[in-house]
Amino acid sequence: MKLSLKLVAFTLLSQACAITLSQPEQTPEPIPSSFVSSNSQGSTQYLEKRMREIIINKDYAAKQAKKTATSSSSETPPPNWVRTVNGVPEIVRPQIIAGVTISAKPPQTTDGLEVWVSLKNDGSPKIIKPEIKNGRTKNGRPNYSTYFQTATTMTYNKEQLKAHNMKDDEIFTEVQYIEEADLEDHLLNPIIRCTPERYQKKGIGRDKSTEPFCTPKDDVRLVMDKTYFITWYSRFFDPEVEKVRILFSNIKESFRQKGLKKRDFGEAGQDVSGGHKDNDNDNEENEEEGTDVIDYTPFDKRSKVLEHGGKVQNSFYASDWVRNEDGMLPVTILEEWIGNDVYEKKVLISIQPDNIPDDEFNVLENSIVVEFWKGSKVGKEDLLDLKKLEEKYANRHMQIEVEEGIDYEKYIVMITLPMCVVIAAFGMWLFVTINRVDLSHLKKKKFAREKTTHRRIPFVLKKNKYESLPLNSADLSGTKTD
C-alpha cells in the first residue's frame, strides 16, 4: 500500500517538473510577402503589415513653423555685397524687416516677373508675385510715371539743334524729365513707394486727403508687437528738406466717441435745446486735469477722431531723423506706448521736416490718427488640471508645492446658466405632472361649415337712400325738349 502511494506521488512530481521545464515554441518572425515557404502540409505565405503615411496640411504646418520659430533663426539676411557708385566702391549690407528683404543683390538677368511688396491699409507688407496671362503681365511692379523725376526746360537755337526744318531765328523749347540721383537705391527696395495717387481719405465724410501719408490709413488699428511701414511722398516737402522724423502724440477721446454720452446729444456735440454741452464738458475736464490741449480749429484737414471731439495732448515718441528721399519708416508697436492700464488708445501720427524748428512745428499739420491695440488673447486651459498633477508628481521629491487644477470659479460661472435652464424645465414638468387633469370627456366644438344644418344669419343689404343717375336719355322719365 505504501509502495503504491510512493509510485503515484513520484509520477505526479515528474509530470509537474516536465510541465514547468517545458518551453513554449518560439513565434516565427514575419517573412516578406515575396517569400513563400512550402512544406509537406502545403505552402504558407506571410504578408507584411502596411504602414500608412501621415498626411499633414502644408498650410497648417507652415503656420505652426512660424509660431515656433524665432526671429533670429528664421530670418537670416543675405550676405553683403559690393557695388560701385560714381567710381567709388562701397559695401551694401542687406537687412530683413517684417519679412521683407531690403538691399539684396539684384540678379544678373531679369524677366520682368520679380517679386515686389505692396502695403495694406494699416501699413503691413503683402508680397506680390507677377505672372503672365494671355500674353500680358498681371500684378507687375508699379509705374511711378514722373512723380520722382525733375522737370527741366531745355532751350535750343538753330546753331545748337541744327535741325533742317528749323528757321534761322527760331527758338525750340522742350521739357525733359531727369531721373533722381539715388534711383539705384530705390530699385533695391521692393516696397511700393508713396505717390499722390495713393493718398487715402480721412474725416467723417472721407473728403479730406491724408497727404503726405499713404500708409497707414486714417483711423486704422495697429496691433502691438507687429511691424508696420509708415510711408509718405518725399516730393511733398520743399527741395531743401533733407531729413524728417515721425512723431506720436496722445489723443484724449470725447465721451460721445467712447459711447458714454446721453442719446439726446447730436453728432456735433449739441443737445436738443441747441447748447454746446459736450464741448463745455471737455474744456472743464481739461482744465481740471491741467493737461495741455492743442487748438486744432484753424486746420481743416482733420481726422474723424478729431472731428468727433478728440483732443491732442503731449507727444510721447519721436523717431530719429531719416532721409526724406527714403519715403518710409518701419515702426514696431511697443507695449509701453499703449500703457498697462489701457487696452487701446488713439494716437496722432505727424511728420516734421528739418526746415521747421521744434517750437514752430504743429503736430496737427499733415497728420493722421490711428489706434494702438494690444490684440486679443485666447486663454487655452484645456487639460491644465492634468498638467498640474503631472508637474506635482514629477517634483514630489523636491518639496515644491504645485497648485493643483485651475480656478473652479470659472467652471461655476460657465455651468450656472445651463443649470438654471435645466431647473426651470424640471419645474415646468413637475407642475404639469401634479396638475394633470383628464379632459377626455370634453367634446370638440364643431363650427358651422358649408354643409351645416344650422340656420345661417341672413345677409341684410343696406338700402341706398339715393337713386342712381340716368345713363342715357332713355332712362329719363320725360321727353327730350330742345
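Below are my entries, sorted by topic.

**Ground rules**

I'm working with a predicted model, where local features need pLDDT of at least 70 and side-chain atom pairs count only at pLDDT 80 or more, while totals for chains, interfaces and linings use all residues. Residues are numbered from 1 along each chain as its sequence is written, and side-chain values use heavy atoms, with hydrogens and water left out.

**Disulfide**

I started with the cysteines. How many disulfides does a search of the whole structure find? It finds 1, where a disulfide is a pair of cysteine sulfur atoms within 2.5 Å. Cys-194 and Cys-214 form a disulfide, with 1.9 Å between their sulfur atoms. The link of Cys-194 and Cys-214 is right-handed, with 70° about the S-S bond. Cys-194 sits in the loop between α5 (183–187) and β13 (201–202) and Cys-214 in strand β15, so the pair ties together parts that are 20 residues apart in sequence. For the element names I noted that helices (H or I, at least four residues) and strands (E, at least two) are DSSP runs, numbered from the N terminus.

Are these two cysteines buried or exposed? Both Cys-194 and Cys-214 are buried. My cut-offs: buried is under 20% relative accessible area, exposed is over 50%, and partly exposed is in between (1.4 Å probe, protein chains only). I also looked up Cys-420, which counts as partly exposed at 44% relative accessibility.

**The sheet around β15**

Next I followed β15 into its sheet. I found 3 strands in an open sheet, in the order β15-β17-β21, with antiparallel pairing. Two strands pair if DSSP finds at least two bridges between them. β15 (213–215) and β21 (328–332) stand at the edges with a single partner strand each, so one side of each has no neighbour in the sheet. From one strand to the next, the twist averages 25°; the axes behind such angles are lines fitted to C-alpha atoms, for helices over the stretch in contact, and angles run from 0 to 180 degrees between N-to-C directions.

I then checked how β15 is held to β17 (residues 227–232): 2 bridges join these antiparallel strands. Phe-213 has Trp-232 in β17 as its bridge partner.

**Salt bridges**

Side chains of opposite charge can pair when their charged atoms come close. My rule for a salt bridge is a side-chain nitrogen of Lys or Arg within 4 Å of a carboxyl oxygen of Asp or Glu. The count by this rule is 13 salt bridges, and I picked out a few.

- Glu-90 pairs with Arg-83, their closest N and O atoms being 2.7 Å apart. Glu-90 is partly exposed at 32%, whereas Arg-83 is buried at 14%.
- Glu-131 and Lys-133 meet at 3.7 Å, N to O. Glu-131 is partly exposed at 34%, and Lys-133 is partly exposed at 43%.
- Asp-326 and Arg-323 meet at 2.5 Å, N to O. Asp-326 is partly exposed at 34%, and Arg-323 is partly exposed at 37%.

I also noted one network, in which salt bridges that share partners join Asp-219, Arg-221, Glu-344, Lys-346 and Glu-371.

**Residues 411–434**

Last, I checked an annotation. The unreviewed UniProt entry places the feature "transmembrane region" at residues 411–434. UniProt positions are given in the numbering used here, feature names are shortened, and annotations may be inferred rather than shown by experiment. In the model, residues 411–434 are 100% helix and 0% strand, and the end C-alpha atoms lie 34 Å apart.
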